[in-house]
Amino acid sequence: MSVAGAKDLVGRSLAGRKLIVVLYADMAGYSRLIGIDDVGTLKRLRSLRTSVIDPAIDQHGGRTVQTAGDSLLVVFDSIDGAVSCALAMQKGVVAHDSTHAPDRDIRFRIGLNIGDAIADGTDLHGDVVNVAVRLQAECPPGSICVSRAVRDQVRHPPDLPFEELGALNLKNIARPIEAFVLRPAGAGSASGRDQQSGPDDRSEIVFADCAVDLHRRELRRAGRVIHVEPQVYDLLVHLVRNRDRVVGKDELLDTIWNGRVVSDAALSSRINAGRKAIGDDGDTQALIKTIHRRGFRFVGVVRETTNAPAESPLKAPERIIDSRLGAIEASRKPSIAVLPFVNLSKEPDTDYFSYGLTEDVIRLLARHRWLDVLSRHSAIAFRGRDTDPRAIGSELGVRYLVHGNVMKRGERVSITVDLVSAVTGHQLWWDSYDFSLESILDVQQTMAQQIAAVIEPELARLEREAAVRRPPVNLGAWDCYQRGLYHLWGFTSPGLAEGEAMFRRAIELDPGFARAHGALAYVTLQSLVQRDPSERPALLEEALGYGKTAVALDDQDCMNLCVVGRVLCFMHEYEEAVAFLEDAIRVNPSFAQAYFALGFTLIVSGKARDGLTHLDRATQLSPHDPHLASFHTIRAVGHFALGDLDIAERFARIAARIPNANHWPLALLVSLLAIKQRSAETVRAADVLLQRYPGYNVATARSDFFFCGDIDLVERFLEGLRHAGVPETAAPDRAGPVRLAALTEDATAN
C-alpha cells in the first residue's frame, strides 16, 4: 500500500527507512447504516471525528495521513501513544454515540502495527501499512487488533487484557502474522449502558418452577439446588432483570465478560447451559427466546419476593408470551466445534502443523456466517482425550464436531477428517487427503480451505434435511430458510416456487435475516430461465433489490455478496459483478459458489481462460456441490470458447449425467458434435434433447444465453445447433425412442 503525504508524517521529507506505528480504523457496518439513514449516519460520523477521534489523535501525538469516508490511517512515533489513542477512540465513540438503538450503534475496528516504512518522494510504502489494514479486518467491532510486535512492546497503559488470536494468514501478506485483540472496557454496544442495578433489596426471583436467590447466588429448580457456572448464573439474572426488552449480544459481552473478547459460540454455549438449568431448550424456547440478529429475551412470568423460603417447592405459573414479540421464532443456527487435530507422526516437532491446520479450519468455517463456530480455546481442553462426542457436545453446547488426524511420513502428509453429530455421536461424513510437503505452509492453507469447503455444504445439507423433517407448525425463520434451500436446490419450477414462499415467510418472521433476503434474490434469479423473456428486466431489478438489502444487512456474508455479483452479471454489469464476487472470495476463500460465479462471469464476458481457473477451483473445493451440473456445463462453455472442443465435450457429457441438470449441457453437446461433424452421434444426441425438452429450438437457445456478452461464442453455439437440425423456432416431431444412456456409451468410446 502506498500512503500519500509521507512528507507530512514526520514534518520533513523522508530519506530511506523510518520505524513508525500505523493505526488503521474502519467503521463496522457502514453500508448497512448508510442504507438505513445516509444523512444521519454521515452527520454522526462528522460529529465523532470532530469531538472524539481527531482530539484523541492530537492528544497522543498521531498524524492523520489518509481518510476515506468511514476509514482513516494515522501514524505515530510511539507505540504507547498509538495504543492509548486507540483506547481513547473506542471508549470515546461509545460515550459520544450513546442515544441510538443497539442496531444503529456506530462502532470502529482498529488495526495496529509497527514496522519500517520506505519514503519515495511524498509516498510511504511498506508492509507495515498493509498488515495494519488486514489486522483491522480481523478485529471485532469496538476492539483493537494488534501485531505481536505491538503487543510485546507496549508499556502504558499497563496490564492490558490482550487475547491471543494465533498466527493469521492475512490477504496479500506473505508470512503468518501473530495477532492479539484488545477490547477496551466500556467499548461494547451502547445497549448495555445504564443497565447495571445498584444494591438490590429483592432476595428472590421466581419463575416457572425455578427460584433465583440473589443473596446466596443460588439457582433452585423444583426445590433442588442446580449448580451452574458463575457466568451462566449472571447471564440468567441479567436476562430476567431486563425481561421488558431484547438484550443484545454486545450488552451481554460487556455485562457478563466485562468487555473481554469471546466467540459467538461461547455465548451460545452459556445460553444453552442457562436454558438447560431452568428446564428450557433451544427448540421450545419457553423461557429464553432467541430473536434472530438482535439478541435474547426472557419471556417467562416472573415474581419477585424478599422472603420466599428457599426450600419450598414452587408451583409453575402459567407462561405468557409478550405480544410485542409477534410471530418472531427462534433461529436454530447450527453450532460446531473443531477439536485439535491429532499429530500421529513420530516427529513431535510437526505438532505446529496440526495446530496451524486446526486454527485455519476454525477461521475458514467461521467465515460462513450461518454457522456458530467455537473458538480454539473452547475445544483445547479435549485435546488428546478419548471422550464421547455427546459429552463434548453437551459441555460445549454444540450440534456438530470436527476432528482429524495428521500423519507425516517423510516428505508426504496424510490427513483424515471426520464430521460427527454431537447429539447422537454418529459419524456423518469423513474424508482423507494425501499431500507432498514441498511447502508445508502452502499445504496447511490448501488443506484447511479444502476441509472447510467440503464440510460447509455437508452441514448445509444436514440442516436442510432436518428442517424438512420437522413438523410444519410454528416454524421459525431459520427453519423456513432451510426448507427454502431444500426446495431450491432441486431447480424445478415447483421447487423454486416453494423455495420463494419459504424465503418470504422467513423474512416475515425476521425482517433483519440477511441470508433470507439473499436467498430470495437467488431464487428470483434462478426463475429467470423458466419465465417469459419479457419478464426478465423486471425480475433482474427485483433480484438486485433483494440482494442489495441482504448486503446492507450483512456486508460480510459471502453468500450475499455472491448473489449480488451474479445478478449484476446477468445484467451485463460485468466489471461491477467481478468486484462483488472477488469480495465474496476475500471474505471466505473456501466458498465454492463464489469461485463458480466469478468463473461464470469471466467466461461470458470473453475471458474464458481466466474463468476456467476459478471454475476448476470451485469444483476442487466442492466436488459434491448442488450446482455441480452447472459447474461442469460452464467449464464446457469455457473450453468451447477457447476452441478446446474435445475437453468441452467431455465436461458437457459429465454435466448431462447429473440428475438435476437442465437442458443446457445436452444442447451444448449437440452443438459440439455437429461442429465436430460426427453425424450419427449428433442425430442421436439431438433426438434425446428434443424428446426430453419438446419445443427446444435455436430461438430458445439464443434467449437462454441472454447474459452472455461474448457474441461470437453464442453464434458459434447456435450455428452448431442449426447444423444438428435443431429448428429455428419449432421442433419437428421425431419418431423412435432414444436411450439417454447412449450418451454415456458414446463418452466411454471417446
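L540, A543, L544, G547, K548, A550 and V551 of helix α17 contact N560, L561, V563, V564, V567, L568 and F570 of helix α18, contact meaning heavy atoms within 4.5 Å. By class, this contact comprises 11 nonpolar, two polar and one charged residues. Ala, Val, Leu, Ile, Met, Phe, Trp, Tyr, Cys and Pro count as nonpolar, Asp, Glu, Lys and Arg as charged, and the others, Gly among them, as polar. The model is predicted: local features need pLDDT of at least 70, side-chain atom pairs count only at pLDDT 80 or more, and totals for chains, interfaces and linings use all residues. Residues are numbered from 1 along each chain as its sequence is written, and side-chain values use heavy atoms, without hydrogens and water.

Helix α17 spans residues 536–553 and helix α18 residues 558–570. Helices are DSSP runs (H or I, at least four residues), numbered from the N terminus. The two pack at an angle of about 155 degrees, with axes 9 Å apart. Axes are lines fitted to C-alpha atoms over the stretch in contact, and angles run from 0 to 180 degrees between N-to-C directions. α17 and α18 are therefore roughly antiparallel (angles over 145 degrees).

Helix α5 (residues 127–137) has eight of its 11 residues buried, so it is largely enclosed by the rest of the structure. Buried means under 20% relative accessible area (1.4 Å probe, protein chains only). The buried residues of α5 include V128, N130 and L135.

Zero disulfides are counted, a disulfide being a pair of cysteine sulfur atoms within 2.5 Å. The sulfur of C145 lies 5.4 Å from the closest cysteine sulfur, in C139, too far for a bond. C145 is buried, at 0% relative accessible area.

Notes
Parallel < 35°, antiparallel > 145°, perpendicular 65-115°, else oblique. Buried < 20%, exposed > 50% of the residue type's maximum accessible area, 1.4 Å probe, protein only.
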